[in-house]
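Here is a short briefing on one protein model. Look at the structure first, then work through the points below.

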Amino acid sequence: MKYVCLVYGEEKDLYALTAERGAKLDADSLAYDRALDQQGKLIAAEALQSVKTAKTVRRRQGKRLITDGPFAETKEQLLGFVMVEAGNLEEALDIAAGIPLAELGTIEVRAVYDIPGS
């Protein structure tokens, strides 16, 4: 079954890292992605650009509405995601616990919904 591990954290915490700590976090994240790939578990993993570059799109009464930034006002922002193939939720949770950013933020694990007929 496919699971998405949504990586949340506060961007300010990332900006507060020393250059050395930021480089280590990047290296650790890439190494973890490679390890998952070698195990045949990784489908996709991407970090996202700053929330400052985000736009939120809604459609109301046929009109497109664009808002700068995320729609929800929260402390944490979506920083990236890791999509994996796991045998069950427990395995997906174990994979999520290994994501290096879990030490700074929160990882939300959700099963992918298979649309009937797709």
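Which residues does Leu65 touch, not counting residues up to four places away in sequence? Leu65 touches Thr56, Val57, Arg58 and Arg60; touching, or contact, means heavy atoms within 4.5 Å. This is a predicted model: local features need pLDDT of at least 70, side-chain atom pairs count only at pLDDT 80 or more, and totals for chains, interfaces and linings use all residues. Residues are numbered from 1 along each chain as its sequence is written, and side-chain values use heavy atoms, with hydrogens and water left out.

**The whole chain**

- The protein chain has three helices and six strands. Helices (H or I, at least four residues) and strands (E, at least two) are DSSP runs, numbered from the N terminus.
- From the N terminus on, the order of elements is β-α-α-β-β-β-β-α-β.
- The C-alpha trace spans about 45 × 45 × 20 Å along its principal axes.
- Of the 118 residues, 26% count as buried. Buried means under 20% relative accessible area, exposed over 50%, and partly exposed in between (1.4 Å probe, protein chains only).
- Take the contacts between residues at least 6 apart in sequence: 76% of them join residues at least 24 apart.
- The accessible surface comes to about 8300 Å², and 53% of it belongs to carbon and sulfur atoms. Such areas come from the Shrake-Rupley method with a 1.4 Å probe; for residues, only the protein chains shown count as cover.

**The hairpin of S3 and S4**

- Strand S3 (55-60) and strand S4 (63-68) have a loop between them, and Gln61 lies in it.
- The two strands form a hairpin with two residues between them.
- S3 and S4 run antiparallel and are joined by six bridges. Two strands pair if DSSP finds at least two bridges between them.
- One of the bridges links Lys55 to Asp68 in S4.
- Gln61 has a positive phi of about 50°, although it is not a glycine. Most residues other than glycine have a negative phi.
- Gln61 is exposed, with a relative accessible area of 84%.
- S4 is hardly covered: of its six residues, the count of buried ones is zero.
- Leu65 sits in S4. Leu65 is partly exposed, at a relative accessible area of 35%.
- Leu65 and Ile107 are 42 residues apart along the chain, and their C-alpha atoms are separated by 29 Å.

**The four-stranded sheet**

- An open sheet of four strands has the order S2-S5-S1-S6, with antiparallel pairing.
- Strand S2 (42-47) and S6 stand at the edges with a single partner strand each, so one side of each has no neighbour in the sheet.
- From one strand to the next, the twist averages 20°.
- S1 and S6 pair in the antiparallel sense over six bridges. Leu6 stands opposite Glu108 in S6.
- H2 packs on the sheet and touches S2 and S5; its direction makes about 165° with that of S2. Axes are lines fitted to C-alpha atoms, for helices over the stretch in contact, and angles run from 0 to 180 degrees between N-to-C directions.

**Helix H3**

- H3 lies across S1, S5 and S6, running at about 155° to S6.
- In H3, Ala92, Ile95 and Ala96 are buried. They cover an arc of only 100° around the axis, which puts them on the same side of H3. The arc is that of the directions from the helix axis to the C-beta atoms.
- The buried residues of H3 pack against S1, H2, S5 and S6.
- The face turned away from the buried side carries the exposed residues Glu90, Asp94 and Ala97.
- Leu93 is also in H3. Leu93 is partly exposed, with a relative accessible area of 36%.

**The nonpolar core**

- A nonpolar core is a set of buried Ala, Val, Leu, Ile, Met, Phe, Trp, Tyr and Cys residues joined through side-chain atoms within 4.5 Å.
- The largest core has 17 residues; Cys5, Val82, Ile99, Ile107 and Val109 touch the most other members.
- Strand S1 (2-9), helix H2 (19-38), strand S5 (77-85), helix H3 (89-97) and strand S6 (106-111) each give two or more residues to this core.
- Leaving aside neighbours within four places in sequence, the contacts of Cys5 include Val82, Ala92, Ala96, Ile99, Ile107 and Val109.
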